[in-house]
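Here is a short briefing on selected local features. Please view the sequence and the structure first.

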Amino acid sequence: MSIARRLVVEADGGSRGNPGPAGYGAVVIDAATGETLAEAAEYIGVATNNVAEYRGLIAGLTAAKALFPDAGDALRVHVRMDSKLVVEQMSGRWKIKHPDMKPLAARAAAILPPSSVTYEWIPRAQNKHADRLANEAMDAGRDGRQWEASASTAELDAPARTPLPDRGPPGDAVAGAAKARAALAATRGGTADAGTLFDVDAGASEEPEPTDVTAVAGTTAVPASEAASPQVGWAAAPDLGTPATFILLRHGETLLTPEKRFSGSGGTDPELSAVGRDQAARAALHFAALGTVQDIVCSPLRRCRETAAAVADRLGLDVRIEDGLRESDFGVWEGLTFGEVRERYGDDLTAWLADPETAPTGGGESFTEVADRVAAARDRLTTRYAGRTVLVVTHVTPIKTLVRLALEAPAQSMFRMELSAASISTVAYYGDGNASVRLLNDTSHLR
């Protein structure tokens, strides 16, 4: 009798453009020890996220089979991926309608007997090893080469692994899922709609077919009215696809910046200084190397237009002006230092610091007014650029406002944020209304 071999395959794929330059990564792990047994990654040219994810799955299953070619039915492989689409389609719970997906799914299904493979969706944070491999592959493709295992550092960023508990043969899981499905149908008086429990990657051209849903261990069914509500915190949420990602770039320095003078939309509209132009050039080099920016939007003020133009020229992109991203109007405080405002308009400054409804002296904008127009601009842009990565070149107050709104923090939190000239912050906006702050005040590209 053959000794059972239990393996875990973690796979991922990505596209910088969807479609765009794409690559995949896959890792094979010993389920009993957590040890990495094999890695695979490849740059595959221009493709979509979904194609890259399926290619990662195929590579992972192929590598697992190659490790134990004579194991036969004794080989057990548990696949873990952060693509809800691939997991649900390969598990048979969602139908595959897109013509590009069908042959890839068939290739994956033919590598090992279906009874030998189980699938599990995991959050992206738990799939760091495969994700890093996919990014290494895309970086290699960007540089005109292929990924090499000897140069990979992906495992260094992988989360610590613990042995996977023996869940019994796949038949046990199937039987348990069938019981759960029956119980779910009985409780709700009918067949569950896949769209009630799951969402798919945005831009995938794939939707869950309204068929019976096989319940997954640890998944709780919710009414359709509740399923549409934003899911927050550590709750297990559906895979909502590629978010609209705003890379928030503060403009480079002007002559007013190092003196820390109020410089809003009601002042002199200064140009970039020599230092600011150098910062914009460094930012342009950084984004060219990164290779992820698909669109550029900026404030109408000169310092932002000059900063955006430096990046746009390097990337070969156009710049779209969004008036809602302009800096706050600081009224008669324009051009003054904080100390000078304290000396001349002390009571007004104290009120402004304490109350977001209070405007600067002389008809400036309150933080509440700025937040309203920035939120409106955000909503326009997330709709226009759904699923895309957008460089948003703007100012201190709009960036802090976007971060604050994403965190649902009070207005006073803006005084606790540091935001350097030409710094980069990132916020991702998902289809369920949630936002994720991924980066704040990064200046590493300027060093």
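**Helix H4 and its cover**

Strand S1 (5-15), strand S2 (20-30) and strand S3 (36-47) are among the elements that cover the buried residues of helix H4. The model is predicted.

**H4**
- The buried residues of H4 are His129, Ala130, Leu133, Ala134, Glu136, Ala137, Met138, Ala140 and Gly141.
- H4 covers residues 128-142, and its 15 residues should span 21 Å at 1.5 Å a residue.

**H12 against H13**
- Helix H12 (residues 367-384) packs on H13 at an angle of about 75°, and their axes are 10 Å apart.
- Roughly perpendicular is therefore the description for H12 and H13.
- From H12, Phe367, Val370, Ala371, Val374, Ala375 and Arg378 make the contact.
- H13 meets them with Thr397, Pro398, Thr401, Leu402, Arg404 and Leu405.
- Eight residues of this H12–H13 contact are nonpolar, two are polar and two are charged.

**His395**
- His395 sits in the loop between strand S9 (389-394) and helix H13 (396-407).
- Its relative accessibility is 1%, so His395 counts as buried; the cut-off for buried is under 20%.
- Leaving aside residues up to four places away in sequence, His395 touches Arg250, His251, Ser299, Leu301, Arg303, Cys304, Leu325, Arg326 and Glu327.

Definitions and conventions
Residues are numbered from 1 along each chain as its sequence is written. This is a predicted model: local features need pLDDT of at least 70, side-chain atom pairs count only at pLDDT 80 or more; totals for chains, interfaces and linings use all residues. Side-chain values use heavy atoms; hydrogens and water are left out. Helices (H or I, at least four residues) and strands (E, at least two) are DSSP runs, numbered from the N terminus. Buried means under 20% relative accessible area, exposed over 50%, partly exposed in between (1.4 Å probe, protein chains only). Contact means heavy atoms within 4.5 Å. Axes are lines fitted to C-alpha atoms, for helices over the stretch in contact, and angles run from 0 to 180 degrees between N-to-C directions. Angles under 35 degrees count as roughly parallel, over 145 as roughly antiparallel, 65 to 115 as roughly perpendicular and the rest as oblique. Ala, Val, Leu, Ile, Met, Phe, Trp, Tyr, Cys and Pro count as nonpolar, Asp, Glu, Lys and Arg as charged, and the others, Gly among them, as polar. The expected span of a helix is 1.5 Å times one less than its number of residues.
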